[in-house]
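Morning, everyone. Please have a look at it first.

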Amino acid sequence: MAYPASVTRLIEALKQLPGVGTRTAERLTFHLLRAPETELRELSDAILALAESVHACSRCHNLAECDPCPICADTSRETTRILVVEQPRDVAAFEDAGWRGLYHVLLGHVNPLEGIEARDLTIADLVARVTEGGVREVVLATDPDYEGDATALHVRRALSALDVSVTRIARGVASGSAIEYSNAAMLADSLSGRSKMDGPS
Ligand SMILES: [Zn+2]
């Protein structure tokens with residue numbers, strides 16, 4: 001049976017979300033059909049507010065409602081250290097783990113199969129930040145999987161000509177797992193056990 005056009009439109013829109021297939025999209029849509037209009041307005045306002053007020057920080061590329069983000073703007077943090085992560089959600093994980101330095105969000109990882117190359121990430125902006133001076137250590141906290149390791153190597157290479165110590169977090173994070181699913185204690189261990197990353201030979 002064909003649904004009314006507006007129902008089909010919402011189902012198709014919901015299916016664009018990660019992890020949402022046709023059945024889930026239909027279930028959510030029929031739930032919303034029965035919801036009071038105030039609830040629907042609150043939901044659509046919340047979604048629109050994302051587009052209007054959340055932006056990437058121009059320094060670290062973390063998501064924030066102001067620019068620079070509260071972390072970059074916080075002068076009480078250790079500004080000589082930058083922790084490099086793949087996604088904004090990793091920032092939240094390392095905040096819980098007690099990291100007090102700054103961050104740099106790459107917005108992804110190198111993945112040749114998906115056509116994502118090093119130049120698609122924010123590596124050039126990281127190099128610019130380090131070139132400005134004042135940074136003593138860059139800690140690479142990309143995911144401990146194949147793509148994360150490859151990405152860390154790219155960043156290491158990009159920083160090789162600069163006077164900065166480059167370290168990689170320890171393997172306290174289970175190999176092949178993702179930062180976002182690691183607990184705070186595990187991430188704190190991986191930070192304290194970080195080691196110097198060899199330069200390109
Ligand atoms: Zn920032």
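Predicted model: local features only at pLDDT ≥ 70, side-chain atom pairs only at ≥ 80, totals over all residues.

Now look at S5 and S6. S6 spans residues 165-168. Four bridges join S5 to S6, and the two run parallel. To find one of these partners, take Glu 137: its bridge partner in S6 is Ser 165.

Next, the nonpolar core. The largest one has 35 residues. Those with the most contacts inside this core are Leu 83, Val 84, Val 85, Phe 94, Val 138, Leu 140 and Ala 141. Several elements supply at least two core residues each, among them strand S3 (78-85), helix H5 (88-96), helix H6 (123-132) and helix H7 (146-158). Which strand gives the most? S3 does, with four residues.

Pick out Val 138. Leaving aside residues up to four places away in sequence, Val 138 touches Ile 82, Val 84, Val 130, Leu 159, Val 164 and Val 166.

Last stop, two helices. H1 covers residues 5-14, and H2 covers residues 22-34. Their axes come within 8 Å and cross at roughly 130°. So H1 is oblique to H2. The crossing is right-handed. On the H1 side, Val 7, Leu 10, Ile 11 and Leu 14 make the contact. H2 answers with Ala 25, Glu 26, Leu 28 and Thr 29.

That's my tour. Thanks.

Terms used:
Residues numbered from 1 in each chain as written. Core = buried A, V, L, I, M, F, W, Y, C linked by C-beta atoms within 7 Å. Buried ≥ 20, exposed ≤ 12 C-beta atoms within 10 Å, placed from the backbone. Contact = placed C-beta atoms within 7 Å. Pairing = 2+ DSSP bridges. Axes fitted to C-alpha atoms, helices over the stretch in contact; angles between N-to-C directions. Parallel < 35°, antiparallel > 145°, perpendicular 65-115°, else oblique. Left-handed = near helix turned anticlockwise from the far one by under 90°.
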